[in-house]
Amino acid sequence: MSNKNNKSAQESVKENTRASSLLDFDDDDPLGATAVSKKSLVIFFLIDTSGSMKGKKMGELNTVMEELIPEIRRVGEADTDVKIAVLTFSTDIAWMYSIPISIEEFEWSRLEASGVTSMGAAFQELSARMSRNSFLNSPSLSFAPVIFLMTDGYPSDDYREGLKALQSNSWYKFGLKAALGIGNEANDEMLAEFTGSKDTVVHAYSGGQLAQMIKVVAVTASQIGSKSMTLSDETNKELTEEDVMTAKQKMLGQQIQELVKQDDSNDVSFDTGW
Amino acid sequence: MFNGFSHSVIGQSHVLRNLVCQDSSSHEVNENYAVAVVADGHGSKKHFRSHIGSASAVEATLETIAKFYKDPDDFEEKFLRDSRLVTRSIEKQILCVWNDKIMKHLEENPITREERGPFTLDEFDKIPPASYYGTTLIVAVMGKNFSFGFQIGDGSLVAVYDDGETVMPIEDDESAPANVTASICNSNAIGLFKMFRIDSRPLLALFTSTDGLYTSFGSDNDFLDYHTIIASQLPDIETFEPSIVKNMTKRTHFGTEDDISFSCAYNKDLVAEKAQVLVDKVAENKQKAAERKAKLLNRM
């Protein structure tokens with residue numbers, strides 16, 4: 001006895017499709033114990049919590065991140081489950097939660113600053129966790145991750161070793177990367193090494209700018225990161241997945257630069273007043 | 001002794017874009033064995049006949065397994081002697097039969113102007129004809145003294161043991177979203193198959209599914225628990241089957257919007273005998289899922 005399903009499946013599917021408006025998906029589904037997952041996206045925040053971030057910078061960052069969560073929630077609510085993972089680095093490195101947490105359940109834990117800037121170690125840790133066997137193990141993971149680095153100074157360890165590890169990680173290669181330098185000491189050249197492009201590096205010199213830049217970068221990156229892009233362009237030429245990710249990274253750079261030009265914050269610089 | 005079922009539902013994204021279902025599925029049951037097979041046609045631009053390719057792969061599989069099982073005693077003896085060699089022979093034979101089928105289809109249905117339209121002459125000439133029909137293939141065979149399975153490309157194989165333990169017998173490779181799936185149309189396809197064999201423990205059921213099902217789950221645990229729940233309902237599958245199809249439709253509607261195919265081969269007698277074990281396992285899994293969720297929200 002055999003039972004083939006293709007044409008017959010399409011016919012029965014048509015029945016399903018026609019019936020879909022009648023199907024009440026909220027009814028008692030005996031298989032409902034295992035929930036349906038939407039397409040998912042993980043946003044990694046790498047945050048410098050070294051001693052130089054102490055005071056207004058860290059205070060402002062904590063406030064902005066608390067405000068940012070509902071905004072990112074709105075990005076994902078249509079058809080993407082956005083998950084957040086926060087890695088802080090100072091003398092030691094630490095994850096805020098043991099695994100990426102759905103934005104619906106994520107609560108910001110206020111951070112404190114002290115110690116030196118172990119950015120290379122943070123890169124190594126991120127590379128180790130960006131794996132199917134670790135943080136990126138959700139079957140519903142459909143998009144390459146968004147990786148957002150925020151720092152106010154130069155690494156105190158060998159960041160290049162860590163960056164080398166990251167650069168060999170395929171999730172990093174295809175991920176959307178952005179960086180925010182905080183205050184005068186942040187090195188934009190080094191941040192561009194991390195993101196792969198100067199266009200995706202922004203700088204905040206004051207509390208107002210910090211709030212604005214974090215929101216601009218995080219929300220824009222989440223929107224682009226969770227966008228399903230077609231695999232053919234306007235010339236109908238078939239694009240590879242690599243082309244799509246390159247196009248997304250370019251789009252992120254362009255949008256960030258446009259939004260940065262609109263910066264109208266006019267408050268006191270971290271390095272003069274704060 | 002054996003039974004099975006199979007279903008394919010069109011992906012929500014295909015419905016919206018007025019495309020056909022690229023998946024195919026089937027099962028075959030007789031006194032010597034049961035087969036569960038699914039195939040996922042690639043569906044992208046150069047694989048413009050992949051729905052035919054997936055149907056051909058499913059047919060080629062059923063025909064090939066039947067041929068190998070023509071003398072069941074001889075087949076079982078050879079398989080137990082060298083399962084890898086026999087499985088490789090089956091895979092090779094499927095590739096040959098699939099190639100014959102698609103080439104016959106191509107001969108009887110020459111490329112149309114519409115199919116050629118999206119490509120320049122040069123682009124089209126560079127596409128190997130087998131690519132028009134590109135598909136994955138996932139196969140599970142349940143025999144009297146052993147079970148085995150193999151796959152090429154994305155998709156899942158799940159086995160349920162007689163104590164209710166549910167496993168994926170083929171390990172998933174590390175892959176990023178940008179990686180391209182292996183395909184039956186690749187020139188090196190024979191080297192891309194992965195296989196398993198189980199003869200050490202009694203098996204209740206084997207499931208195959210295309211990746212549209214797996215990607216609609218938040219975790220491997222949920223995915224495996226789903227199969228345990230279905231295994232617990234196999235004694236009354238006629239009543240339960242509509243719920244499975246409805247759930248597949250729900251998964252493509254709210255999940256990754258891909259086509260979903262799902263096929264099962266099971267030991268009817270053993271499933272009936274172990275019905276309570278499975279019901280208990282489902283309750284245990286539910287408890288563990290609640291514990292996992294509570295643990296998940298703990299901060300570092």
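Biologist: In this predicted model, at what angle do helix 2 and helix 4 of chain B pack?

Modeller: Happy to start there. Helix 2 covers residues 50–68 of chain B and helix 4 covers residues 83–108. Their axes lie 8 Å apart, and the packing angle is about 135 degrees.

Biologist: Are those two helices parallel, perpendicular or oblique to each other?

Modeller: Angles of 65 to 115 degrees count as roughly perpendicular and those over 145 as roughly antiparallel. The angle here is about 135 degrees. Helix 2 of chain B and helix 4 of chain B are therefore oblique.

Biologist: Over in chain A, how are helix 3 and helix 4 oriented to each other, roughly parallel or oblique?

Modeller: Helix 3 spans residues 119–129 of chain A and helix 4 spans residues 159–167, with axes that come within 7 Å. They cross at roughly 15 degrees, and angles under 35 degrees count as roughly parallel. Helix 3 and helix 4 of chain A are therefore roughly parallel.

Biologist: Is that crossing in chain A left-handed or right-handed?

Modeller: Good one to set beside the first pair. In chain B, the crossing of helix 2 and helix 4 is right-handed. In chain A, the crossing of helix 3 and helix 4 is left-handed.

Biologist: What is the mean pLDDT of chain B?

Modeller: For the model as a whole, the scores are ipTM 0.77 and pTM 0.81. In chain B, 95% of the residues score at least 70. The chain B average is 92.

Biologist: What radius of gyration does chain B have?

Modeller: Chain B holds 12 helices and 10 strands, and its C-alpha trace spans about 60 × 55 × 40 Å along the principal axes. A compact globule of 300 residues would come near 19 Å, and chain B agrees with that, at 20 Å.

Methods:
Residues numbered from 1 in each chain as written. Chains lettered and ligands numbered in written order. Predicted model: local features only at pLDDT ≥ 70, side-chain atom pairs only at ≥ 80, totals over all residues. Axes fitted to C-alpha atoms, helices over the stretch in contact; angles between N-to-C directions. Helix = DSSP H or I, 4+ residues; strand = E, 2+ residues; numbered from the N terminus. Left-handed = near helix turned anticlockwise from the far one by under 90°. pLDDT = per-residue confidence, 0-100. Rg over C-alpha atoms; globule rule 2.2 N^0.38 Å.
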